[in-house]
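I opened the model to look up its core, its strands and its salt bridges. My entries follow in the order I made them.

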Amino acid sequence: MNQNFWKDMSEEGFMLVHAPKRKVAVFPNDSGMVALATEDYDGQCLIVLDVTEINDLISLLQAAKKVAEPKDIEIQADYAIYCAKQGITNA
C-alpha cells in the first residue's frame, strides 16, 4: 500500500482515519470480500473478511466499544486535568 492507494481510498470515500501517521480504510475488494487496510508506526496490514462475517464483526466492535469507551472518557478527563494544572492549552 503506497500513498496512491491511500489517496484512492480517500477519493472513493473508504477512509475511516487519514492522519499523517495513522490510516484506516474499509472497502470492498474485487473478489466480493470486505477489506480492512491499516498503516501506522508499526507498518501496514490488510485483512480480508467474507461478507458473512461482517454482522458478527459489527457486533464485536460494538461490544468492545462498550468496554473501552468508559476508560477512554476517564483517560481524557485525567488528561484535561493534567493539562489544566500544567497550564497547557489546545491539548
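Predicted model: local features only at pLDDT ≥ 70, side-chain atom pairs only at ≥ 80, totals over all residues.

Residues are numbered from 1 along each chain as its sequence is written, and side-chain values use heavy atoms, with hydrogens and water left out.

**Salt bridges**

I took a salt bridge as a side-chain nitrogen of Lys or Arg within 4 Å of a carboxyl oxygen of Asp or Glu. I found three in the structure.

E11 and K7 join their side chains at 3.0 Å, N to O. Why are they about one helical turn apart? Because they sit four residues apart in helix α1. I call E11 exposed because its relative accessible area is 57%. K7 is partly exposed, at 47%.

K65 pairs with E69 at 3.8 Å, N to O. Both lie in helix α2 (residues 54-86), four residues apart. K65 is partly exposed at 49%, and E69 is partly exposed at 38%.

E74 bridges to K71, with the closest N and O atoms 3.6 Å apart. These two are also in α2, three residues apart, about one turn of the helix. I read 41% for E74 and 44% for K71.

Helices (H or I, at least four residues) and strands (E, at least two) are DSSP runs, numbered from the N terminus.

**Core**

I next looked up the largest nonpolar core. The term covers buried Ala, Val, Leu, Ile, Met, Phe, Trp, Tyr and Cys residues joined through side-chain atoms within 4.5 Å. This core has eight residues: F5, W6, M9, M15, A25, F27, A35 and A37. Two or more residues come from each of α1 (3-11), β2 (22-28) and β3 (34-40). α1 gives the most, with three.

I then checked A35. Beyond its neighbours within four places in sequence, A35 is in contact (heavy atoms within 4.5 Å) with A25, V26, F27, L46, I47 and V48.

**Strands**

L46 belongs to strand β4 (residues 43-49). L46 is partly exposed, at 48% relative accessibility.

Strand β1 (residues 15-19) pairs with β2 in the antiparallel sense over four bridges. Pairing requires at least two DSSP bridges between two strands. Which residue of β2 is the bridge partner of V17? I found V24 there. β1 and β2 form a hairpin, with two residues between them.

Methods. Buried < 20%, exposed > 50% of the residue type's maximum accessible area, 1.4 Å probe, protein only.
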